[in-house]
Amino acid sequence: MNKLTGSFVWVSCSLILFLTACNSFEYSPNQVFDRNSPQYLNRKSLQRLAESVKDDTIRFVLTGDSQREYTHSEELVRTVNNIPGVDFVLLAGDISDFGLLQEMEWVNEIFSKLKMPYIGVIGNHDLVANGEKVFKRMFGELNFSFVYGGVKFVCHNTNSREAAFDGSVPDLPWLREQFKAEDGVTAYIGVAHVPPNNGDFDTSLSEQYVNVINNSPNTLAALFAHTHSKNLFYPGRGNIPYVVTNAIENREFVLIEIINGKFSFKNISY
Amino acid sequence: MITIIFFLQSGKVFSQFPEILIPKDVIVQHAGSIGYFSVGAGYRLFKNKRGNLDFNYGFVPENKGGTLHIISAKFVYRPFEIKLKDWAKLYPLNPGAFVSYHYGKEFDFYWDKSQYDEGYYWWSSAIRPHISFSNEIKLDSKKLFGSGKIKSLSIYSEFNTNDLYMVSYVLNTKDLSLTDIFKLGIGIRLGF
């Protein structure tokens, strides 16, 4: 063995060792987890949120569609970190583009740099391939809710097309339960990916859906992403705002405040 | 292992097939995006036998992130050959390409036309094209161990990436590096 090949063998062996240490062994792009995959991210975030010091202002960010937008996601994290008093961030679906583990890990690495907890909600792209299993293991349930400062946030799956419009998505019986009067809850906010006026939402359910959302004792708003453009509409009875955030690729998100039970928001470009 | 024994014992059966259809290699691979473990049969291509076409079946068990069943067809070419010893050769950089197919209802070959408009998702979740770079050390087992059915024994490592990782990379070169998108596998190739 001459010097050149000897050093080549040495270099390639050490490269393999190095990459092994970096978890470079991949069994499949569709694997549900690897050695370093985080778990229960939403549960951990909500725990952090519950332990945080509360004031009389609830201030949070609505964003979505981080799919394949790592550079712009970094910019979003920097921008949000510079806004004072943000309690948490809602990442309302399409965390990944192809439903792959690697994508959700990359996005989580970036969003972990937020000073405040972030909560992931399921989007249609997150349900592609093995995405549902990856999301459930890494983030948690597709339908879940939490109460913060007396406001109940009902996060849910509205990606009807991925269920082939079989009537199961959104889960109306579950939503009805969630939007019922409850001790310790003074207001309600829905959070989902596909808004009910979109073609990917099951049109046969949209009217009932809006009724369930609007007919709680006190719904403040319903929040969405998916369309990659900002939007605001008031469906059904009452004057309840349905707010759709722009996508991360368009470098705009929604900053929301609830002060003394009053809901307000503004779109922020960065 | 089972495949290897099968090949050793069934030499007579195979000899009835046309020579060209008989695989010359048996491959066992760990990781490399086509299974926690995969086994395969390989054919040698070109006059100089520097090319290979391998067909692998791979499996990812549930406790390793599965359950997944993956079939792959792999091509590799070895442009450089370095003689290390009388009985050892090094192929330092071998470009290759392969296609993997994930079996299962979660993985779509075609997107259902009644469910999705044309082009709603532009990729197939079942079929994944990959490019690869590998290196290989090939030992002449006849010269090393004397006679035997196994003529050569190779160990290789292979880095691969796929279309979806590449698309993610090209739009985010500031935040993703090549080591983020290239994944590793290692394997053994037995030549008969």
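**Chains A and B: a hairpin and an interface**

Strand 5 and strand 6 of chain B make a hairpin, with two residues between them. This is a predicted model.

Trainee: How many bridges join strand 5 of chain B to strand 6 of chain B?

Mentor: Start with residues 82-85 of chain B, which are strand 5. One pair to look for is B:Ile82, opposite B:Leu90 in strand 6. The two strands run antiparallel, and the number of bridges joining them is three.

Trainee: And how many bridges join strand 6 of chain B to strand 7 of chain B?

Mentor: Strand 7 covers residues 127-140 of chain B and runs antiparallel to strand 6. For strand 6 and strand 7, the count is twelve.

Trainee: Which residue in strand 6 of chain B is the bridge partner of B:His69?

Mentor: The partner of B:His69 is B:Tyr103.

Trainee: Okay, on to the interface. About how much area do chain B and chain A bury between them?

Mentor: In terms of contacts, 54 residues of chain B touch 41 residues of chain A. Of the buried area, 62% is on carbon and sulfur atoms. The total is about 4,000 Å².

Trainee: Which side chains meet in a salt bridge across that interface?

Mentor: The rule finds one salt bridge there.

Terms used:
Residues numbered from 1 in each chain as written. Chains lettered and ligands numbered in written order. Predicted model: local features only at pLDDT ≥ 70, side-chain atom pairs only at ≥ 80, totals over all residues. Heavy atoms only, no water. Contact = heavy atoms within 4.5 Å. Buried area = accessible area lost by both parts, 1.4 Å probe. Salt bridge = Lys/Arg side-chain N within 4 Å of Asp/Glu carboxyl O. Pairing = 2+ DSSP bridges. Helix = DSSP H or I, 4+ residues; strand = E, 2+ residues; numbered from the N terminus.
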